[in-house]
Amino acid sequence: MSQKKITEFEKYTNELKEIVSPSHVTTDPYEIEAATGDLSILPKYHYKFKEEHIATHIVRPNNTDQFSAVMKLCKDYMLPVTVRAAGTSCYSASTPTKGGVVIDVRRMNKVLEIDSEKMTVKCQAGISWLKLIQALRAKGLAPKCYPTSYKSSCLSGFVVTSGAAGIGQIKFGSIYDALNAVTLVKPDGSVSRIQKNSGGEITLADITGSFGIFGGISEVELNVTTLKTSMELVGYGFHTMEQASEFYRLLKSNSIDKPFYLSLSDKKFEGFSHVTIPSRPFFVYAVFYDDPEVTAKALAFSKESADKLGGLEIDKWYLEEKWRDVADVELNLGRLCNNPIFQEYWISDEKLEAFYEEYAPKVKDDKYRNAMYIMGGSNGKSRIKLFGLSDIEKSLEFFGIKANLHKMAQWSYKNGEGIYSCGVVNTFYYHLFNQEKVQHMQKLNNSVDPDDRVNSYRIIKTKMRLWRIKLLFIVAQTLFRWA
Ligand SMILES: Cc1cc2nc3c(=O)[nH]c(=O)nc-3n(C[C@H](O)[C@H](O)[C@H](O)COP(=O)(O)OP(=O)(O)OC[C@H]3O[C@@H](n4cnc5c(N)ncnc54)[C@H](O)[C@@H]3O)c2cc1C
């Protein structure tokens, strides 16, 4: 009887199934499509639909040992790997770029240990923020910081992106400040624990902002804080960006009680995300979270500062609605057009007005539907998110908006600032403006992933050809200006 010869594809599929169990390995094209995109709402151009990038397998390990065995197998067969959590980051950060295997970490969702005395938690890296928050709450504890996407995202996605802006960073610092240690599964399958000041080649500072290029994180240990007893919300409208920025900075630097969450938005952003909106053009919103006597002082300080700057107090119901919607508010804009376009910038607080002065003329007379949303971050910086609501069918407008956002990125780098989030799409900015970071990360990557198989085309290598991008933006901007 002749034996059927199995292909190499079947061979490694079977081996993957032996490692993680058959129900957690899939080659089904529909499942692959569903688990390889992100929230960038431009399907036509999304990497996940481009044939050369499409993954062949989704694999869901359950623990570090399985994660390591999967990585080793991929190395043995020279398969490209993309490590992925909830896929809520944008710019194709969690999308395959060379096909191969997607390692989905969401099955690794257990809390391993909560130490209430040391105020630390050790957990698997794919745990969702909601699950982690709930587990800590049961012990009277809470994470020090998390993203506003906490309803859908996972811990490891925040650890390897910068984790520098969101909820808690102004009060407690970035995710890097909260990290004690991570367990790293390197591209060859070897496992190492990286602690603060552990002195190895790859440090925790390299891991935060690495976008997974050094391998997969399987476990994380964090410092946590205690649950507080009082939450207070304040919001003031202002006539000018100068007044709003000044108030925003006063709240951010106030030593009595730093905001748990702080934002500055323009009226258009509020208009796109809510039905009834504050009447003034700029709106500063803060949430204080501490013990009652501390939040009471923060409220008094806010009122006094806002009065001096001519701020108009906003109704409490609006403030409550905004806090309830904080996880959805950026997505609300996406419902109002076919293709929301956005870019995120990482700007020093003292340069907020300068950034706005550069941006405002570009949207003067409302050439396109636009909005601005600033969110407080750590280390005297803020994430500015600029939106353009468009439709790829209106290609002049679409590429004109892209060109505007690109100009703001150029401005940011030329003024010593930069963009907030990388991913595949934004990597070319590092190559244009931040060669020092590229070289540092390249050197580390050469030692752990010389074949460049894991999370390729993030930070150290770009998919875009720089001359094409430059040419495209110049043409787009010129045509849009004349249109
Ligand atoms: C409405 C909304 C609000 C948001 N708010 C914020 C915010 O406040 N602050 C902020 O910084 N971002 C924010 N984001 C962006 C995004 O949600 C966060 O970056 C989030 O932390 C990503 O988590 P994720 O689980 O979705 O990760 P994914 O998108 O799956 O992955 C993000 C990156 O991490 C890599 N990765 C994931 N897990 C691992 C792992 N275990 N090992 C190695 N690499 C891994 C992926 O390859 C990818 O490069 C927001 C997004 C939306 C849509």
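This is a predicted model: local features need pLDDT of at least 70, side-chain atom pairs count only at pLDDT 80 or more; totals for chains, interfaces and linings use all residues.

Q: What makes the radius of gyration of the protein chain agree with a compact globule?
A: The chain has 483 residues, and a compact globule of that length would have a radius near 23 Å. The protein chain has 23 Å, so the two agree. Along its principal axes, the C-alpha trace spans about 90 × 65 × 40 Å.

Q: How is the protein chain divided into domains?
A: Domain 1 covers 8-106, domain 2 covers 107-226 and domain 3 covers 230-419.

Q: How do you know that domain 1 and domain 2 are in contact?
A: Contact means heavy atoms within 4.5 Å. By that rule, 21 residues of domain 1 are in contact with 25 residues of domain 2. Their C-alpha centres lie 22 Å apart.

Q: What area is buried between domain 1 and domain 2, and which atoms contribute?
A: About 1,700 Å² is buried, and carbon and sulfur atoms give 61% of that. On the domain 1 side, Asn-62, Thr-64 and Arg-106 supply 30% of the area buried against domain 2, more than any other three residues.

Q: Which kinds of polar pairing are counted between domain 1 and domain 2?
A: A salt bridge needs a side-chain nitrogen of Lys or Arg within 4 Å of a carboxyl oxygen of Asp or Glu. The count of such bridges is zero. Polar contact is found for 10 residue pairs, both residues at pLDDT 80 or more.

Q: Which helix gives the most to the side of domain 1 that touches domain 2?
A: Helix H3, residues 64-76, with seven residues. By class, that side has nine nonpolar, seven polar and five charged residues.

How values were computed
Residues are numbered from 1 along each chain as its sequence is written. Side-chain values use heavy atoms; hydrogens and water are left out. Domain bounds come from an automatic or database domain assignment. Buried area is the accessible area (1.4 Å probe) that two parts lose on being put together, summed over both. A polar contact is a pair of N or O atoms within 3.5 Å; within protein, one must be able to donate a hydrogen and the other to accept it, and residues adjacent in sequence count only if both atoms are side-chain atoms. Helices (H or I, at least four residues) and strands (E, at least two) are DSSP runs, numbered from the N terminus. Ala, Val, Leu, Ile, Met, Phe, Trp, Tyr, Cys and Pro count as nonpolar, Asp, Glu, Lys and Arg as charged, and the others, Gly among them, as polar. The radius of gyration is taken over C-alpha atoms; the globule rule is 2.2 Å times the number of residues to the power 0.38.
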